[in-house]
Amino acid sequence: MSKKTIGFVGTGAITEAMVRGLLAEPAYVSTIHVSPRNAEIATRLAADFSSVVIAPDNQAVIDSSDMVCLAIRPQIAEDVIRALKFRPGQSVLSVIAATDRGTLQAWIQTDVHLIQAIPLPFVADRQGVTAIYPPDAEVADLFDTLGRAVQCASNKEYDLLAAASALMSTYFGFMAFSAGWLEANGLERSKGQVYLSTLFHSLAQCADRPDVHSFEELSTGFATVGGLNEQVLSHFGENGGGEALKSALDSVLARIEGRSSR
């Protein structure tokens with residue numbers, strides 16, 4: 001357990017996930033300060049963990065913490081951050097979506113040690129993968145505790161992984177569409193969901209094996225020549241599936257980089 005304290009400005013879903021992951025046994029830190037803005041989540045965390053302290057306001061979070069995590073909705077982030085005073089050299093971790101480092105530093109108005117990260121809800125179970133930028137040993141250690149950290153060497157790498165994180169809903173949408181197709185063809189919905197969730201879980205485990213070098217290798221391995229998997233893969237590509245996915249990711253990246261609107 002680290003003796004350093006972490007504070008969260010903003011008490012939403014990602015804050016709750018990170019706090020639960022950090023305080024799972026063995027706990028990563030001794031004390032976590034949370035802002036009172038979302039009273040329901042803050043109260044729940046304080047009830048579940050004796051090491052969670054609800055601060056009277058956001059400035060108290062800053063003043064009481066070695067590392068501060070900014071977990072604020074981007075729509076209100078500027079107003080919240082500009083009202084706060086940070087200590088020179090203080091570690092500040094931003095998980096604010098679609099807000100670049102230059103903008104954050106201008107709002108903070110103090111020479112802090114600023115790191116950006118994209119934690120996903122799975123950090124609550126210490127199974128998340130988190131992109132961070134710039135590389136930082138302390139923050140990487142924190143997110144390795146919550147699953148796995150990917151340290152980005154450039155802002156471009158960070159933006160690309162932010163775009164890739166937008167695939168989550170599509171992943172479940174793909175499963176939902178397939179379950180609906182099975183149901184429309186006569187299979188009970190619950191049976192289809194059990195089958196597909198277990199199938200995709202097993203495939204994900206295959207992808208995470210240390211001896212796997214590429215997804216192309218796996219795709220080829222599962223696509224027997226002339227077989228059913230090869231047929232679906234070919235049909236998907238020939239009917240614009242790959243191009244549609246590429247176009248969607250290009251659009252998301254453009255939005256992240258500020259080159260286009262939604």
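Where does Ser 51 lie? I looked it up in this model, which is predicted. I found Ser 51 in a loop, with helix 2 (39–48) on one side and strand 3 (52–54) on the other.

**Entry: Ser 51**

Then I listed its contacts, leaving aside neighbours within four places in sequence. Ser 51 is in contact with Leu 23, Ser 30, Thr 31 and Ile 32.

**Entry: aromatic pairs**

How many aromatic pairs are there? I counted four. I took Tyr 171 and Phe 172 to begin with: the ring centres are 5.2 Å apart. Their planes stand at 80°. Edge-to-face needs an angle over 60 degrees, so this pair is edge-to-face.

I then checked Tyr 171 against Phe 200. This pair is edge-to-face too, at 5.7 Å centre to centre and 90° between the planes. I noted that the pair links distant parts of the chain. Tyr 171 sits in helix 8 (residues 168–184), and Phe 200 sits in helix 9 (residues 189–207). The two are 29 residues apart.

**Entry: exposure of the two rings**

Which of these two residues is buried? I read 16% relative accessibility for Phe 200, so Phe 200 counts as buried. For Tyr 171 I read a relative accessible area of 36%, so I logged Tyr 171 as partly exposed.

**Entry: the cluster**

Last, I traced the ring pairs onward. They link Tyr 171, Phe 172, Phe 174 and Phe 200 into a cluster.

Technical notes:
Residues are numbered from 1 along each chain as its sequence is written. This is a predicted model: local features need pLDDT of at least 70, side-chain atom pairs count only at pLDDT 80 or more; totals for chains, interfaces and linings use all residues. Side-chain values use heavy atoms; hydrogens and water are left out. Helices (H or I, at least four residues) and strands (E, at least two) are DSSP runs, numbered from the N terminus. Contact means heavy atoms within 4.5 Å. Rings of Phe, Tyr and Trp (its six-membered ring) pair if their centres lie within 6.5 Å; planes under 30 degrees apart count as stacked, over 60 as edge-to-face and the rest as tilted. Buried means under 20% relative accessible area, exposed over 50%, partly exposed in between (1.4 Å probe, protein chains only).
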